[in-house]
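Below is a walk through one protein chain, taken a few positions at a time. Keep the sequence at hand and find each residue as it comes up.

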Amino acid sequence: MVIHKTIYSIFFALLGMSMLVAQDRFFEAEEGFFWMSTDLHIHTVFSDGEVWPSIRVKEAQREGLDLIAMTEHLEYQPHAEDIPHPDRNRSFSIASQMLGENDPLQVINGSEITREMPPGHINAVFIKDANKLLHKDSLTGIQQANKQGAFVFWNHPNWDAHRPDGIARLEPFHEYLIANKLLHGIEVVNETTFSEEALQIALDNKLTILGTSDIHGLTDWAHQIGSGGHRPMTFVKVSQQTPAAVKEALFQGKTVVWYDDLIIGREESIKQIVKDNIHFGSPKYDEDKTILNVEVTNKSNVPFQMEYLGDFSFHKRTTVFSIPPKTTITLQVKTKIKKKSIDLPFKILNAVIGPKEYLKHQFLVK
């Protein structure tokens, strides 16, 4: 009995710690804005997932997400014999009922239109009625989603079941969807894969850059949450923490993807998140030395990997170093003479703004 009590005490202590972590923001934002954490592609037993919708809600709450979309396959229903449900909105209905009045997590309705290539699998989120997206041909379903005001995106365009070479590429069907403004985004990250080709397609065609978990099993098992891991997420920059604000920002392409230790997005979005989360303090010199000391704080959950590109050298570091999450380090810069301000140019080696292209940003220290 004593052993059981000890185990329970440890369990609840760890649970309390996880809830404290979940309350922190993953990324800081400039005053008046928020980087909302979202996962817009998840599954339950109401399509080909392995858990009840309530588990998806509890996982998201425990991991500190702000918004998730229930996106069951419309056409692919492997559990239909055991869980018959003529209403394709059922997963969303159950998940919504799990939320309390002041719950910080928000759940929106979505669906996955499941077809062979082309077009492959297409997600529609912020839909009103999933049942109306069921049609014999995929185009009509996509058109109906747009009539409902949905945000529509292309799932895992590099999926090796559809692309044996793992390379995302546009088909004429996709070009038609883009030209007619029926397709608004594309996954550059899905589950455990990152596609440079999908990122280039997004940049070339002004599609919103997305990363999702596409989770079917347990997020803890898939992404080692208990050991400090995290699911892929899309961060959306909003001025209000509402589904309507998220939807508007998605259409405007104001997103950054967090995948492993990478942040991925358009240059302006990545630059903003770096400015919001890497802060340089005031320069200080010891009275008899010309070595500048400056504190650098990383306010995010990402360990930023920095490469210095300037002419100065550092006293105790090489030009390549990492700033751990939620941590302050000290740089010592050999300036030769005392300066009131200096510019420190860096390449952020885990801030991806294009295929094999990383953000360069100059920090003013004054």
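Glu28 sits in the loop that runs between helix H1 (2-23) and strand E1 (34-42). The model is a predicted one, and in it Glu28 has a relative accessible area of 32%. Buried would require under 20% and exposed over 50%, so Glu28 is classed as partly exposed. Which residues does Glu28 touch, leaving out those up to four places away in sequence? They are Trp35, Asp276, Asn277 and Lys299.

Ser239 belongs to another loop, the one between E9 and H8. With a relative accessible area of 46%, Ser239 is also partly exposed, because its value falls between the two cut-offs of 20% and 50%. Not counting residues up to four places away in sequence, Ser239 touches Gly32, Phe33 and Phe34. Lys289 is 50 residues from Ser239 along the chain, and 45 Å separates the C-alpha atoms of the two.

Gly110 gives a case inside a strand, namely E3. Is Gly110 buried or exposed? Its relative accessibility is 3%, and therefore Gly110 counts as buried. Setting aside neighbours within four places in sequence, the contacts of Gly110 are Met70, Thr71, Glu72, Ala124, Val125 and Ile127. Ser91 is 19 residues from Gly110 along the chain, with a C-alpha separation of 9.7 Å.

The loop that follows in the sequence deserves a look at its backbone. Pro118 lies between strand E3 (106-114) and strand E4 (121-125), and Pro119 is placed in the loop between E3 and E4 as well. The peptide bond from Met117 to Pro118 is cis, with omega near -10°. A cis peptide bond also joins Pro118 and Pro119, where omega is about 5°.

Other backbone features concern phi. His156 is not a glycine, yet its phi is positive, at about 25°. His156 is located in the loop between strand E5 (151-154) and helix H5 (172-179). The relative accessibility of His156 is 6%, so this residue counts as buried. Gln224, which is not a glycine either, has a positive phi of about 50°. Gln224 lies in the loop between helix H7 (219-223) and strand E9 (233-238). At 45% relative accessibility, Gln224 counts as partly exposed.

Helix H2 covers residues 53-63, and its buried residues are Pro53, Ser54, Arg56, Val57, Glu59, Ala60 and Glu63. An α-helix has 3.6 residues a turn, so residues three or four places apart point the same way. That spacing can be looked for in the list, which includes Pro53, Arg56, Val57, Ala60 and Glu63. Just after H2 comes Gly64, with a positive phi of about 85°.

Next come the open spaces. Rolling a probe the size of a water molecule over the atoms shows where empty space is left. The second largest pocket holds about 330 Å³ of space. Its lining consists of 19 residues, and those nearest the centre of the pocket are Phe251, Gln252, Gly253, Lys254 and Arg266. Helix H8 (243-251) and helix H9 (267-277) are the elements that give two or more residues to this lining. H9 supplies the largest share, 3 residues. By type, the lining of the second largest pocket divides into 7 nonpolar, 7 polar and 5 charged residues.

These places can now be set within the chain as a whole. Its secondary structure comes to 9 helices and 20 strands. How does the radius of gyration of the chain agree with that of a compact globule? For 366 residues, a compact globule would have a radius of gyration near 21 Å, and the 23 Å of the chain agrees with this. Along the principal axes, the C-alpha atoms fill a box of roughly 80 × 65 × 40 Å. Of the 366 residues, 50% are buried. Among contacts between residues at least 6 apart in sequence, 66% join residues at least 24 apart. The accessible surface of the chain is about 17,500 Å², and 52% of that surface belongs to carbon and sulfur atoms.

Key. Residues are numbered from 1 along each chain as its sequence is written. This is a predicted model: local features need pLDDT of at least 70, side-chain atom pairs count only at pLDDT 80 or more; totals for chains, interfaces and linings use all residues. Side-chain values use heavy atoms; hydrogens and water are left out. On a 1 Å grid over the protein atoms alone, a cavity is a set of points where a 1.4 Å probe fits but cannot get out, and a pocket is an open set with protein on both sides within 12 Å along at least five of seven lines; lining residues have an atom within 4 Å of a point. Grid points are joined across faces, edges and corners, and a volume is the space filled by probe spheres set on the points. Helices (H or I, at least four residues) and strands (E, at least two) are DSSP runs, numbered from the N terminus. Ala, Val, Leu, Ile, Met, Phe, Trp, Tyr, Cys and Pro count as nonpolar, Asp, Glu, Lys and Arg as charged, and the others, Gly among them, as polar. Buried means under 20% relative accessible area, exposed over 50%, partly exposed in between (1.4 Å probe, protein chains only). Contact means heavy atoms within 4.5 Å. The radius of gyration is taken over C-alpha atoms; the globule rule is 2.2 Å times the number of residues to the power 0.38. Accessible areas come from the Shrake-Rupley method with a 1.4 Å probe; for residues, only the protein chains shown count as cover.
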